[in-house]
Amino acid sequence: MKVITEGTVKILLPSLPESVSSDMPVFYNPKMRINRDFTVLMVRYLAKVLGRGLRVADPLAGSGVRAIRIIKEAEGVDIACVNDRDSRAVENIKMNFKENDIEEDRYRVFQEDANIFLRREGKFDYIDIDPFGSPVGFIESAILSLKRGGVLGVTATDTAPLSGTYPDVCIRRYGSKPLKSEFYHEIGVRILIYKIFSQGAQFDFSLIPVFSYSYLHHFRVFLVKDKGAKLTNRNVRENTGYIVFCHACLYRACLRDRCSMLMCPLCGEMLDYAGPLWIGPISSKDVVDYFAKDIGYVNVSKETKKIFNLIKEESKVNVPFFYTLSSLAKVLKKNKVPSLDRVLKEVEGVRTHFSGEGFRTRMDYKELREKFSVL
Ligand SMILES: C[S@@+](CC[C@H](N)C(=O)[O-])C[C@H]1O[C@@H](n2cnc3c(N)ncnc32)[C@H](O)[C@@H]1O
Ligand SMILES: [Zn+2]
(Lines give C-alpha, C1' and ligand atoms only; values in the text may rest on other atoms or scores of the structure.)
(Ligands and ions follow the chains in the order given, each with its own letter.)
Protein backbone atom coordinates (compact mmCIF):
# COMPACT_ATOMS: atom_id res chain seq x y z
CA MET A 1 0.00 0.00 0.00
CA LYS A 2 1.13 3.54 -0.79
CA VAL A 3 0.33 6.34 1.63
CA ILE A 4 -0.46 9.90 0.58
CA THR A 5 -1.56 12.88 2.60
CA GLU A 6 -3.86 15.63 1.41
CA GLY A 7 -5.32 18.40 3.55
CA THR A 8 -5.69 16.79 6.98
CA VAL A 9 -6.28 13.24 5.74
CA LYS A 10 -4.14 10.20 5.06
CA ILE A 11 -5.09 7.97 2.13
CA LEU A 12 -3.88 4.44 1.45
CA LEU A 13 -3.80 3.39 -2.21
CA PRO A 14 -3.00 -0.02 -3.77
CA SER A 15 -0.44 1.63 -6.05
CA LEU A 16 0.66 4.95 -7.44
CA PRO A 17 1.21 4.62 -11.21
CA GLU A 18 3.63 6.88 -13.04
CA SER A 19 0.82 8.56 -14.94
CA VAL A 20 -2.75 9.12 -13.73
CA SER A 21 -5.37 7.28 -15.80
CA SER A 22 -8.78 5.64 -15.48
CA ASP A 23 -6.98 2.25 -15.57
CA MET A 24 -5.64 2.74 -12.03
CA PRO A 25 -7.04 0.05 -9.69
CA VAL A 26 -8.30 2.87 -7.45
CA PHE A 27 -8.34 6.32 -8.98
CA TYR A 28 -6.52 9.17 -7.28
CA ASN A 29 -5.17 12.29 -9.00
CA PRO A 30 -2.99 14.55 -6.83
CA LYS A 31 -3.46 17.41 -9.33
CA MET A 32 -7.17 17.47 -8.43
CA ARG A 33 -6.34 18.60 -4.90
CA ILE A 34 -7.43 22.14 -5.81
CA ASN A 35 -10.82 20.72 -6.86
CA ARG A 36 -11.18 19.02 -3.46
CA ASP A 37 -9.92 22.11 -1.60
CA PHE A 38 -12.71 24.19 -3.14
CA THR A 39 -15.20 21.41 -2.34
CA VAL A 40 -14.29 21.62 1.35
CA LEU A 41 -14.67 25.41 1.27
CA MET A 42 -18.05 25.11 -0.45
CA VAL A 43 -19.42 22.56 2.02
CA ARG A 44 -18.28 24.77 4.92
CA TYR A 45 -20.12 27.70 3.32
CA LEU A 46 -23.26 25.58 2.83
CA ALA A 47 -23.25 24.33 6.43
CA LYS A 48 -23.05 27.95 7.61
CA VAL A 49 -25.86 29.14 5.31
CA LEU A 50 -28.24 26.23 5.97
CA GLY A 51 -27.46 26.10 9.69
CA ARG A 52 -28.19 22.38 9.96
CA GLY A 53 -26.18 19.17 9.92
CA LEU A 54 -25.61 18.28 6.27
CA ARG A 55 -26.20 15.03 4.42
CA VAL A 56 -23.67 14.81 1.58
CA ALA A 57 -23.20 12.38 -1.31
CA ASP A 58 -20.03 11.37 -3.15
CA PRO A 59 -21.44 9.05 -5.86
CA LEU A 60 -18.17 8.63 -7.85
CA ALA A 61 -15.81 8.42 -4.93
CA GLY A 62 -12.65 6.58 -6.08
CA SER A 63 -10.47 6.32 -2.94
CA GLY A 64 -12.95 8.28 -0.79
CA VAL A 65 -10.46 11.12 -0.34
CA ARG A 66 -13.06 13.81 -1.10
CA ALA A 67 -15.72 12.51 1.29
CA ILE A 68 -13.15 11.97 4.05
CA ARG A 69 -11.86 15.51 3.64
CA ILE A 70 -15.45 16.80 3.73
CA ILE A 71 -16.18 14.93 6.98
CA LYS A 72 -12.91 15.97 8.62
CA GLU A 73 -12.46 19.51 7.30
CA ALA A 74 -15.97 20.88 6.75
CA GLU A 75 -17.61 21.32 10.13
CA GLY A 76 -21.37 20.80 10.08
CA VAL A 77 -21.62 17.54 8.13
CA ASP A 78 -23.71 14.82 9.81
CA ILE A 79 -23.23 12.01 7.34
CA ALA A 80 -21.48 11.25 4.03
CA CYS A 81 -22.94 8.62 1.68
CA VAL A 82 -20.05 7.37 -0.42
CA ASN A 83 -20.40 5.27 -3.55
CA ASP A 84 -18.39 3.71 -6.35
CA ARG A 85 -19.40 0.93 -8.70
CA ASP A 86 -15.92 -0.62 -8.59
CA SER A 87 -15.41 -3.22 -5.83
CA ARG A 88 -11.70 -2.34 -5.41
CA ALA A 89 -12.64 1.30 -4.86
CA VAL A 90 -15.30 0.32 -2.32
CA GLU A 91 -12.82 -1.78 -0.30
CA ASN A 92 -10.35 1.09 -0.45
CA ILE A 93 -12.96 3.64 0.68
CA LYS A 94 -13.82 1.51 3.75
CA MET A 95 -10.14 1.12 4.61
CA ASN A 96 -9.51 4.86 4.25
CA PHE A 97 -12.44 5.86 6.48
CA LYS A 98 -11.10 3.50 9.18
CA GLU A 99 -7.55 4.75 8.70
CA ASN A 100 -8.75 8.31 9.36
CA ASP A 101 -10.66 7.29 12.52
CA ILE A 102 -14.05 8.47 11.23
CA GLU A 103 -16.89 7.33 13.53
CA GLU A 104 -18.95 4.60 11.84
CA ASP A 105 -22.25 6.47 12.18
CA ARG A 106 -20.87 9.37 10.10
CA TYR A 107 -20.59 7.50 6.80
CA ARG A 108 -22.19 4.78 4.68
CA VAL A 109 -20.51 3.07 1.75
CA PHE A 110 -22.39 1.81 -1.33
CA GLN A 111 -21.44 -0.13 -4.47
CA GLU A 112 -23.94 0.88 -7.14
CA ASP A 113 -24.21 2.67 -10.41
CA ALA A 114 -24.12 6.37 -9.40
CA ASN A 115 -27.56 7.12 -10.87
CA ILE A 116 -29.24 4.27 -8.98
CA PHE A 117 -27.43 5.24 -5.77
CA LEU A 118 -28.53 8.88 -6.08
CA ARG A 119 -32.18 8.19 -6.87
CA ARG A 120 -32.52 5.59 -4.13
CA GLU A 121 -30.58 7.32 -1.35
CA GLY A 122 -31.50 11.03 -1.98
CA LYS A 123 -32.23 13.70 -0.79
CA PHE A 124 -28.90 15.33 -0.06
CA ASP A 125 -27.74 18.83 0.88
CA TYR A 126 -24.55 18.49 -1.15
CA ILE A 127 -23.78 16.20 -4.10
CA ASP A 128 -20.43 15.93 -5.84
CA ILE A 129 -20.24 14.70 -9.44
CA ASP A 130 -16.62 13.93 -10.30
CA PRO A 131 -16.57 11.41 -13.17
CA PHE A 132 -14.06 10.36 -15.79
CA GLY A 133 -14.75 12.74 -18.71
CA SER A 134 -18.20 14.24 -19.11
CA PRO A 135 -20.68 14.57 -16.22
CA VAL A 136 -23.78 14.68 -18.48
CA GLY A 137 -24.96 11.14 -17.65
CA PHE A 138 -25.26 11.95 -13.94
CA ILE A 139 -26.73 15.46 -13.93
CA GLU A 140 -30.45 14.66 -13.96
CA SER A 141 -30.19 12.15 -11.07
CA ALA A 142 -28.07 14.60 -9.09
CA ILE A 143 -30.56 17.46 -9.56
CA LEU A 144 -33.54 15.29 -8.58
CA SER A 145 -31.68 13.96 -5.51
CA LEU A 146 -30.65 17.39 -4.25
CA LYS A 147 -32.65 19.26 -1.62
CA ARG A 148 -33.90 22.77 -2.33
CA GLY A 149 -31.15 25.15 -1.16
CA GLY A 150 -28.56 22.40 -1.60
CA VAL A 151 -25.40 22.66 -3.69
CA LEU A 152 -24.33 20.52 -6.62
CA GLY A 153 -20.59 20.38 -7.42
CA VAL A 154 -19.78 19.19 -10.96
CA THR A 155 -16.42 18.44 -12.59
CA ALA A 156 -15.99 18.07 -16.37
CA THR A 157 -12.72 16.81 -17.83
CA ASP A 158 -14.01 16.68 -21.42
CA THR A 159 -12.61 20.17 -21.89
CA ALA A 160 -11.62 19.62 -25.54
CA PRO A 161 -15.23 19.39 -26.84
CA LEU A 162 -16.44 22.12 -24.47
CA SER A 163 -13.65 24.45 -25.59
CA GLY A 164 -14.26 24.04 -29.29
CA THR A 165 -11.73 21.40 -30.40
CA TYR A 166 -14.58 18.96 -31.19
CA PRO A 167 -17.64 21.16 -31.84
CA ASP A 168 -19.85 18.26 -33.00
CA VAL A 169 -19.23 16.38 -29.76
CA CYS A 170 -20.08 19.49 -27.75
CA ILE A 171 -23.33 20.05 -29.68
CA ARG A 172 -24.31 16.38 -29.27
CA ARG A 173 -23.43 16.21 -25.57
CA TYR A 174 -24.27 19.69 -24.33
CA GLY A 175 -26.75 20.99 -26.94
CA SER A 176 -24.59 24.04 -27.43
CA LYS A 177 -22.07 25.33 -29.95
CA PRO A 178 -18.57 26.10 -28.59
CA LEU A 179 -16.23 28.69 -30.09
CA LYS A 180 -12.52 28.90 -30.78
CA SER A 181 -11.40 32.25 -29.43
CA GLU A 182 -8.99 33.52 -26.79
CA PHE A 183 -11.71 32.96 -24.16
CA TYR A 184 -12.62 29.40 -25.24
CA HIS A 185 -12.23 27.96 -21.71
CA GLU A 186 -14.68 30.47 -20.32
CA ILE A 187 -17.14 29.54 -23.08
CA GLY A 188 -16.71 25.87 -22.05
CA VAL A 189 -17.50 26.64 -18.41
CA ARG A 190 -20.57 28.64 -19.48
CA ILE A 191 -21.80 25.79 -21.71
CA LEU A 192 -21.40 23.33 -18.84
CA ILE A 193 -23.42 25.62 -16.54
CA TYR A 194 -26.09 26.04 -19.24
CA LYS A 195 -26.43 22.26 -19.57
CA ILE A 196 -26.95 21.81 -15.82
CA PHE A 197 -29.28 24.81 -15.62
CA SER A 198 -31.42 23.62 -18.55
CA GLN A 199 -31.67 20.07 -17.19
CA GLY A 200 -33.04 21.53 -13.94
CA ALA A 201 -35.24 24.08 -15.74
CA GLN A 202 -37.32 21.33 -17.41
CA PHE A 203 -38.53 20.41 -13.87
CA ASP A 204 -38.98 24.09 -12.78
CA PHE A 205 -35.72 24.02 -10.82
CA SER A 206 -33.22 26.86 -11.04
CA LEU A 207 -29.62 25.77 -10.63
CA ILE A 208 -27.61 28.95 -10.25
CA PRO A 209 -23.79 28.96 -10.39
CA VAL A 210 -22.11 30.30 -7.26
CA PHE A 211 -18.47 29.39 -7.88
CA SER A 212 -16.88 28.28 -11.16
CA TYR A 213 -13.40 27.93 -12.61
CA SER A 214 -11.17 26.21 -15.13
CA TYR A 215 -7.86 24.67 -14.05
CA LEU A 216 -5.44 22.52 -16.07
CA HIS A 217 -7.63 19.85 -17.68
CA HIS A 218 -10.85 20.33 -15.77
CA PHE A 219 -13.80 22.66 -15.37
CA ARG A 220 -15.53 22.90 -12.03
CA VAL A 221 -18.87 24.49 -11.21
CA PHE A 222 -20.95 24.68 -8.02
CA LEU A 223 -24.65 25.50 -8.32
CA VAL A 224 -27.37 26.18 -5.73
CA LYS A 225 -30.80 24.63 -6.33
CA ASP A 226 -33.97 26.68 -6.04
CA LYS A 227 -37.48 25.92 -7.26
CA GLY A 228 -40.26 27.78 -9.10
CA ALA A 229 -41.52 28.12 -12.68
CA LYS A 230 -41.55 31.94 -12.60
CA LEU A 231 -38.09 32.15 -11.10
CA THR A 232 -36.77 29.69 -13.68
CA ASN A 233 -38.44 31.58 -16.55
CA ARG A 234 -36.73 34.74 -15.32
CA ASN A 235 -33.37 32.98 -15.26
CA VAL A 236 -33.91 31.67 -18.79
CA ARG A 237 -34.70 35.22 -19.96
CA GLU A 238 -31.97 37.05 -18.08
CA ASN A 239 -29.11 34.58 -17.80
CA THR A 240 -29.07 32.44 -20.92
CA GLY A 241 -28.16 33.53 -24.42
CA TYR A 242 -25.32 33.69 -26.94
CA ILE A 243 -21.93 35.28 -27.42
CA VAL A 244 -21.27 36.51 -30.96
CA PHE A 245 -17.69 36.91 -32.12
CA CYS A 246 -15.86 38.38 -35.10
CA HIS A 247 -12.74 36.41 -36.03
CA ALA A 248 -11.51 39.31 -38.17
CA CYS A 249 -11.50 42.18 -35.64
CA LEU A 250 -12.22 40.36 -32.33
CA TYR A 251 -15.47 42.24 -31.69
CA ARG A 252 -17.72 40.29 -29.37
CA ALA A 253 -21.12 40.85 -27.75
CA CYS A 254 -23.52 39.04 -25.50
CA LEU A 255 -27.04 38.57 -26.95
CA ARG A 256 -30.30 36.96 -25.86
CA ASP A 257 -31.19 36.22 -29.47
CA ARG A 258 -28.24 35.56 -31.75
CA CYS A 259 -30.26 36.38 -34.86
CA SER A 260 -30.46 39.98 -33.66
CA MET A 261 -26.90 40.57 -34.92
CA LEU A 262 -25.43 38.61 -37.81
CA MET A 263 -22.74 40.97 -39.15
CA CYS A 264 -19.91 42.62 -37.23
CA PRO A 265 -20.87 46.25 -36.50
CA LEU A 266 -17.17 47.23 -36.59
CA CYS A 267 -15.84 45.57 -39.74
CA GLY A 268 -18.87 44.09 -41.53
CA GLU A 269 -17.63 40.44 -41.45
CA MET A 270 -20.06 37.59 -40.72
CA LEU A 271 -20.20 36.90 -36.97
CA ASP A 272 -19.50 33.46 -35.46
CA TYR A 273 -21.23 32.50 -32.19
CA ALA A 274 -21.22 30.29 -29.09
CA GLY A 275 -24.33 29.09 -27.33
CA PRO A 276 -26.82 28.77 -26.00
CA LEU A 277 -24.88 29.30 -22.80
CA TRP A 278 -25.04 30.88 -19.34
CA ILE A 279 -24.40 34.62 -19.69
CA GLY A 280 -25.01 35.62 -16.06
CA PRO A 281 -22.39 35.72 -13.28
CA ILE A 282 -20.53 32.42 -12.81
CA SER A 283 -19.56 33.10 -9.18
CA SER A 284 -21.54 34.80 -6.41
CA LYS A 285 -20.25 37.63 -4.26
CA ASP A 286 -21.51 35.96 -1.06
CA VAL A 287 -19.57 32.79 -1.78
CA VAL A 288 -16.41 34.60 -2.87
CA ASP A 289 -16.52 36.83 0.23
CA TYR A 290 -17.05 33.82 2.48
CA PHE A 291 -14.18 31.87 0.90
CA ALA A 292 -11.94 34.93 1.28
CA LYS A 293 -12.59 34.95 5.05
CA ASP A 294 -12.57 31.17 5.49
CA ILE A 295 -9.66 30.05 3.32
CA GLY A 296 -7.12 30.76 6.09
CA TYR A 297 -8.85 28.18 8.33
CA VAL A 298 -8.70 25.33 5.78
CA ASN A 299 -5.66 23.25 4.83
CA VAL A 300 -5.59 24.21 1.11
CA SER A 301 -2.65 24.23 -1.32
CA LYS A 302 -0.74 27.34 -2.39
CA GLU A 303 -2.11 26.84 -5.89
CA THR A 304 -5.69 26.90 -4.58
CA LYS A 305 -5.02 30.22 -2.85
CA LYS A 306 -3.45 31.62 -6.00
CA ILE A 307 -6.41 30.68 -8.22
CA PHE A 308 -8.87 31.89 -5.60
CA ASN A 309 -7.24 35.34 -5.43
CA LEU A 310 -7.59 35.69 -9.21
CA ILE A 311 -11.23 34.57 -9.14
CA LYS A 312 -11.92 37.05 -6.35
CA GLU A 313 -10.45 39.87 -8.42
CA GLU A 314 -12.20 38.95 -11.66
CA SER A 315 -15.61 38.43 -10.03
CA LYS A 316 -15.73 42.23 -9.54
CA VAL A 317 -16.30 42.76 -13.27
CA ASN A 318 -19.33 40.88 -14.47
CA VAL A 319 -18.76 40.60 -18.21
CA PRO A 320 -19.08 37.16 -19.87
CA PHE A 321 -15.76 37.27 -21.80
CA PHE A 322 -12.25 38.65 -21.54
CA TYR A 323 -9.46 39.90 -23.83
CA THR A 324 -5.81 38.86 -24.10
CA LEU A 325 -2.83 41.13 -24.72
CA SER A 326 -1.38 39.02 -27.55
CA SER A 327 -4.59 38.72 -29.58
CA LEU A 328 -5.36 42.43 -29.27
CA ALA A 329 -1.79 43.34 -30.22
CA LYS A 330 -1.99 41.03 -33.24
CA VAL A 331 -5.29 42.35 -34.55
CA LEU A 332 -4.17 45.96 -34.00
CA LYS A 333 -0.79 45.19 -35.63
CA LYS A 334 1.18 46.42 -32.61
CA ASN A 335 4.77 45.20 -32.51
CA LYS A 336 5.24 45.94 -28.84
CA VAL A 337 2.75 44.34 -26.44
CA PRO A 338 2.00 46.69 -23.49
CA SER A 339 2.28 45.33 -19.95
CA LEU A 340 -0.81 43.90 -18.32
CA ASP A 341 -0.53 46.30 -15.37
CA ARG A 342 -0.56 49.28 -17.73
CA VAL A 343 -3.56 47.98 -19.65
CA LEU A 344 -5.50 47.21 -16.47
CA LYS A 345 -5.02 50.79 -15.33
CA GLU A 346 -6.06 52.32 -18.65
CA VAL A 347 -9.17 50.20 -19.19
CA GLU A 348 -10.24 49.85 -15.52
CA GLY A 349 -9.78 46.13 -15.93
CA VAL A 350 -9.18 43.10 -13.72
CA ARG A 351 -7.09 39.96 -14.28
CA THR A 352 -8.73 36.63 -15.02
CA HIS A 353 -7.83 33.16 -13.75
CA PHE A 354 -8.62 31.80 -17.25
CA SER A 355 -5.46 33.28 -18.80
CA GLY A 356 -2.23 34.79 -17.48
CA GLU A 357 -2.33 37.50 -20.17
CA GLY A 358 -6.09 38.04 -19.99
CA PHE A 359 -8.15 40.87 -18.58
CA ARG A 360 -11.82 41.72 -18.14
CA THR A 361 -13.21 45.20 -18.67
CA ARG A 362 -16.63 46.80 -18.93
CA MET A 363 -15.24 49.15 -21.59
CA ASP A 364 -16.89 49.12 -25.01
CA TYR A 365 -14.69 47.30 -27.57
CA LYS A 366 -14.32 50.30 -29.86
CA GLU A 367 -13.02 52.43 -27.01
CA LEU A 368 -10.79 49.58 -25.78
CA ARG A 369 -9.16 49.33 -29.24
CA GLU A 370 -8.52 53.07 -29.30
CA LYS A 371 -6.95 53.04 -25.82
CA PHE A 372 -4.91 49.87 -26.49
CA SER A 373 -3.59 51.21 -29.82
CA VAL A 374 -1.79 54.10 -28.19
CA LEU A 375 -0.30 52.20 -25.24
C1 LIG B 1 -12.58 10.52 -11.44
S2 LIG B 1 -12.81 9.16 -10.40
C3 LIG B 1 -13.34 9.88 -8.88
C4 LIG B 1 -12.28 10.57 -8.13
C5 LIG B 1 -12.67 11.05 -6.76
N6 LIG B 1 -13.94 11.76 -6.77
C7 LIG B 1 -11.57 11.94 -6.18
O8 LIG B 1 -11.82 13.11 -5.83
O9 LIG B 1 -10.43 11.45 -6.05
C10 LIG B 1 -14.32 8.47 -10.99
C11 LIG B 1 -14.78 7.26 -10.18
O12 LIG B 1 -16.11 6.95 -10.61
C13 LIG B 1 -16.28 5.54 -10.66
N14 LIG B 1 -17.37 5.32 -11.63
C15 LIG B 1 -17.34 5.49 -12.98
N16 LIG B 1 -18.58 5.32 -13.50
C17 LIG B 1 -19.40 5.06 -12.45
C18 LIG B 1 -20.81 4.84 -12.35
N19 LIG B 1 -21.60 4.82 -13.43
N20 LIG B 1 -21.33 4.63 -11.13
C21 LIG B 1 -20.54 4.63 -10.02
N22 LIG B 1 -19.20 4.83 -10.05
C23 LIG B 1 -18.65 5.05 -11.26
C24 LIG B 1 -14.94 4.99 -11.07
O25 LIG B 1 -14.79 3.66 -10.59
C26 LIG B 1 -13.97 5.98 -10.38
O27 LIG B 1 -13.55 5.49 -9.13
ZN1 LIG C 1 -15.33 42.56 -37.02
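**Note on the predicted model**

1. By class, the shell around ligand 1 holds ten nonpolar, two polar and seven charged residues. Here Ala, Val, Leu, Ile, Met, Phe, Trp, Tyr, Cys and Pro count as nonpolar, Asp, Glu, Lys and Arg as charged, and the others, Gly among them, as polar. The shell numbers 19 residues, and the closest are Leu60, Gly62, Arg85, Ala114 and Asp130. A residue is near the ligand if its C-beta atom, placed from the backbone, lies within 6 Å of it.

2. This is a predicted model, in which local features need pLDDT of at least 70 and side-chain atom pairs count only at pLDDT 80 or more, while totals for chains, interfaces and linings use all residues. Residues are numbered from 1 along each chain as its sequence is written, with chains lettered from A and ligands numbered from 1 in the order written.

3. The chain contains 14 helices and 15 strands (DSSP runs numbered from the N terminus: H or I of at least four residues, E of at least two). Its radius of gyration, over C-alpha atoms, is 21 Å, close to the 21 Å from the globule rule for 375 residues, so the chain is as compact as a globular protein of that length (the rule is 2.2 Å times the number of residues to the power 0.38).

4. Strand E4 (residues 77–83) pairs with strand E5 (residues 107–110) in the parallel sense, over four bridges; pairing requires at least two DSSP bridges. Asn83 has Phe110 in E5 as its bridge partner.
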